[in-house]
Amino acid sequence: MRILYNICLLACVAAVALACKPKEPAKYLALAFDDGPNLTTEAEMLDVLKKYNVPATFFVIGSNINDDTAEMMKRAVKQGCEIGNHSFTHSQMSRLDEDQVKEEIEATSDMIEKIVGQRPKCFRPPYINVKPEMYDWIDLTFVCGKGCQDWVASVDKDARRQGILDSAEPGAIYLLHDFEGNEATVEALDEAIPLLKEQGYIFVTVSQLFEKQKHTPDGHTMYTVVPDERKK
Ligand SMILES: [Zn+2]
């Protein structure tokens, strides 16, 4: 009887200890692709995202949008993805004046809103080329991200997959490309997404990442890892 009592006591203590163990905060990541929309590589990327049921953010170039590619943007949003602004002409924007910068942003945001019914919240500058005034001129959250040189043709699928895995950390935004012909990134993600899921990462859009981390964009930062304010 005494032994039984001791076993019960031990079981209770173990159960309480397990219940009180501090829970790790959820780990979020945001996949984000530049240079679309297009009908080829972007369609393949959306297939992979659908396969694993994960959303992403597509930073589109205004001049790439037409009646056909607009359908790809609609499909992305239908799949739970977000559309971001990647300028209209993909220029080095630090060389442009205020009017030109605003025109690049507004023309692209207008097109996005017309097609998917929502104005973009985030902007990824082409070539991550900025000057300080741009933060005052553009009322969007500036986003950079972690890349794996996936715009370089000689960086193969395996190297891209490894780069994606190596740069994973809670709150991270990725800087990847879905321009036409960039299948190696699609194939790398087809392998990397399930591995990252196994590590406990949850994929969200860039805007959702700010919400999940409870961080309000400060208007003058270019974000690669969104700070986690849940801990404070
Ligand atoms: Zn670009």
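A residue counts as buried if 20 or more other C-beta atoms lie within 10 Å of its own, as exposed if 12 or fewer do, and as partly exposed in between, with C-beta atoms placed from the backbone. By this criterion I202 is partly exposed, because 15 other C-beta atoms lie within 10 Å. The structure is a predicted model, in which local features need pLDDT of at least 70, side-chain atom pairs count only at pLDDT 80 or more, and totals for chains, interfaces and linings use all residues. Residues are numbered from 1 along each chain as its sequence is written.

**Overall architecture**

- The protein chain has eight helices and 10 strands; helices (H or I, at least four residues) and strands (E, at least two) are DSSP runs, numbered from the N terminus.
- The C-alpha trace of the protein chain spans about 85 × 35 × 35 Å along its principal axes.
- Of the 232 residues in the protein chain, 37% are buried.
- Two residues are in contact if their C-beta atoms, placed from the backbone, lie within 7 Å. Among contacts in the protein chain between residues at least 6 apart in sequence, 77% join residues at least 24 apart.

- I202 belongs to strand 9 (residues 201-203).
- When neighbours within four places in sequence are left aside, I202 is in contact with A26, K27 and Y28.
- G62 lies 140 residues from I202 along the chain, and the C-alpha atoms of the two are separated by 30 Å.
- Strands of a sheet pair through backbone hydrogen bonds, either parallel or antiparallel. Here, two strands are taken to pair if DSSP finds at least two bridges between them.
- Strand 1 (residues 27-30) runs parallel to strand 9 and is joined to it by three bridges. In strand 9, Y201 is the bridge partner of K27, and F203 is the bridge partner of L29.
- Strand 1 also pairs with strand 7 in the parallel sense, over two bridges. The bridge partner of L29 in strand 7 is A172.

- Strand 2 and strand 3 pair in the parallel sense over four bridges, with F33 standing opposite F58 in strand 3.
- Strand 2, helix 2 and strand 3 form a right-handed β-α-β unit. A crossover is right-handed if, with the strands pointing away from the viewer, the path from the first strand over the helix to the second runs clockwise.
- Strand 3 and strand 4 run parallel and are joined by four bridges. In strand 4, E82 is the bridge partner of T57.
- From strand 3 the chain crosses through helix 3 to strand 4, and this β-α-β crossover is right-handed.
- Within strand 3, T57 and F59 point one way while F58 and V60 point the other way, and all are buried.

**Helix 3**

- The 12 residues of helix 3 (residues 67-78) should span 16 Å at 1.5 Å a residue, and the end C-alpha atoms are 17 Å apart, which agrees. The expected span is 1.5 Å times one less than the number of residues in the helix.
- M72, M73 and A76 are buried in helix 3. These residues lie on the same side of helix 3, because they cover an arc of only 100 degrees around the axis; the arc is that of the directions from the helix axis to the C-beta atoms.
- An α-helix has 3.6 residues a turn, so residues three or four places apart point the same way.
- The cover over the buried residues of helix 3 includes strand 2 (32-36), helix 2 (41-52), strand 3 (57-60), strand 4 (82-85) and helix 4 (98-116).
- D67, D68 and K78 are exposed, on the face of helix 3 turned away from its buried side.
- Helix 3 is followed by G80, whose phi is positive, near 95 degrees.

**Helix 6**

- In helix 6 (residues 157-166), the buried residues are R160, R161 and I164. They cover an arc of only 100 degrees around the axis, which puts them on the same side of helix 6.
- The buried residues of helix 6 pack against helix 7 (183-198).
- The face of helix 6 turned away from its buried side carries the exposed residues D158 and D166.
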